[in-house]
Amino acid sequence: MFVFRKHVIDTALPGRLYAQTALADLDGDGHLVYITGQQYGTIFGYRIQAPGDWQRFVLGEDSPSDVGGAVLDVDGDGLPDFVTGGAWYRNPGKPLTTYERIVFDADLRGIHDVVVADIDGDGRLEVLTMSDQNDLRWYRIPDDPRQPWPHTRIGSPVHSGVAVGDLTGNGSLDVVRTSVWFENVRGDGSEWVEHPLPFPAQVQARLTERFMVDATHAVVCDVNGDGHNDIVMLENEMTGGKVMWLENACGDGSEWVVHDIRLPDDEIRGAYHSLYAGDLDGDGDIDVLSCEMEGIPGEGKPRYFIWENMDGKGADWREHVVFDGNLGGHATMVADVTGNGLPDIISKPWSPRADNAVGGKNFVLFLENMGKV
């Protein structure tokens with residue numbers, strides 16, 4: 001079984017509606033900083049002193065974004081900056097210091113997904129954004145990143161579900177968006193062709209809000225170890241969601257086969273608004289992690305889950321409940337924070353429940369990975 005030690009590192013996070021999460025070494029000292037921002041509000045950073053001791057600081061003000069955030073070196077000075085919505089926050093190179101806010105697109109607000117990737121193949125990272133208030137697009141960062149960033153439309157949006165990876169095997173990066181994927185035809189992001197994906201029908205009775213329709217999280221990765229990129233996907237804005245992977249059967253994106261990782265059962269779970277797909281037990285294959293959120297609750301208390309890839313081929317999955325402490329998660333991040341070689345978990349709620357384990361307070365939760373026994 002997987003063993004995680006609980007640390008509640010903050011119960012005084014002001015207000016509610018937090019997302020915009022990231023984990024990054026912001027100053028090159030080898031320690032990861034956790035970032036989370038309030039919808040259209042303050043962005044906070046947490047610097048680790050010890051697994052149960054983190055120092056909170058204000059990283060940025062006046063976020064223009066809803067959920068999405070990402071880290072990359074925007075201005076080429078060797079320091080990771082933070083991008084959310086239509087603004088980027090310049091890293092001053094001084095720990096615990098507020099970053100300068102620089103707008104690259106004043107009209108880009110309400111963003112749910114922000115993804116960083118080299119879309120045009122020039123060796124430099126670009127920024128992809130999407131929400132149901134905007135289209136799916138990518139931004140090229142100009143030589144002077146303080147100037148407006150030009151963008152290219154990829155396709156129409158849904159509320160969430162963007163992932164990036166090579167689905168054709170030709171070396172260029174393609175884009176996934178729930179029920180379709182977009183082929184990067186020329187490899188430079190200038191032309192996109194839409195192809196269908198076999199996204200299973202949703203339970204209509206549980207789509208109580210418009211934003212829940214076709215809303216997913218996805219990760220492009222090789223689930224079955226055949227050398228071709230597949231897609232791990234889950235429904236992320238509704239109760240009773242499915243967890244699945246889509247097999248790239250021919251390796252070129254022309255044929256997809258849906259495999260269940262976890263189907264809903266009689267107890268309706270809260271929304272899975274988190275997804276990590278990677279090696280969680282050190283055996284070299286792809287495992288999957290998610291958790292239930294508090295803001296869209298299920299019938300029981302929220303829990304954290306790992307689905308272990310038992311055969312390394314994605315044909316046999318074992319579910320592990322790795323935390324059952326009545327603290328849900330949203331936009332959860334996974335990385336080796338403590339430096340012991342094991343992936344840890346850090347999260348917070350979008351909106352806390354009144355009956356959660358910290359008396360309805362907003363919080364940040366760190367689950368320290370103690371290994372597998």
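**Notes on the predicted model**

1. T216 has 0% relative accessibility, so this residue counts as buried. The model is a predicted one, and the remarks below should be read with that in mind. T216 belongs to strand 18, which spans residues 216-221. Leaving aside residues up to four places away in sequence, the contacts of T216 are S160, G161, T178, F199, M233, L234, E235 and N236.

2. How many disulfides does the structure hold? The count is 0. For C221, the closest cysteine sulfur is that of C291, and at 18 Å this is too far for a bond, given that a disulfide needs two cysteine sulfur atoms within 2.5 Å. C250 is likewise in no disulfide; the sulfur of C221 is the nearest cysteine sulfur to it, 19 Å away.

3. The largest pocket has a volume of about 950 Å³. It is lined by 33 residues, of which G69, V114, V115, L275 and M333 are the closest to its centre. Two or more lining residues come from each of strand 2 (18-24), strand 6 (70-72), strand 10 (113-117), strand 14 (162-165), strand 18, strand 22 (276-278) and strand 26 (330-335). By residue class, the lining comprises 21 nonpolar, 11 polar and 1 charged.

4. The second largest pocket holds about 180 Å³ of space. Its lining consists of D66, V67, H112, H159, F211, E237, H273, M293, G295, I296, H330 and W350. These residues divide into 5 nonpolar, 5 polar and 2 charged.

5. Nonpolar side chains tend to be buried together in soluble globular proteins. In this model the largest nonpolar core has 16 residues, and those with the most contacts inside it are F4, Y304, I306, V322, I345, L365 and L367. At least two core residues are supplied by each of strand 1 (2-10), strand 23 (287-291), strand 24 (304-309), strand 25 (317-323) and strand 28 (364-372).

6. Which residues does L367 touch, not counting those up to four places away in sequence? The contacts are F4, R5, K6, Y304, F323, D344 and I345. Among them, F4, Y304 and I345 are also listed with the most contacts inside the largest nonpolar core.

Key. Residues are numbered from 1 along each chain as its sequence is written. This is a predicted model: local features need pLDDT of at least 70, side-chain atom pairs count only at pLDDT 80 or more; totals for chains, interfaces and linings use all residues. Side-chain values use heavy atoms; hydrogens and water are left out. Helices (H or I, at least four residues) and strands (E, at least two) are DSSP runs, numbered from the N terminus. Buried means under 20% relative accessible area, exposed over 50%, partly exposed in between (1.4 Å probe, protein chains only). Contact means heavy atoms within 4.5 Å. On a 1 Å grid over the protein atoms alone, a cavity is a set of points where a 1.4 Å probe fits but cannot get out, and a pocket is an open set with protein on both sides within 12 Å along at least five of seven lines; lining residues have an atom within 4 Å of a point. Grid points are joined across faces, edges and corners, and a volume is the space filled by probe spheres set on the points. Ala, Val, Leu, Ile, Met, Phe, Trp, Tyr, Cys and Pro count as nonpolar, Asp, Glu, Lys and Arg as charged, and the others, Gly among them, as polar. A nonpolar core is a set of buried Ala, Val, Leu, Ile, Met, Phe, Trp, Tyr and Cys residues joined through side-chain atoms within 4.5 Å.
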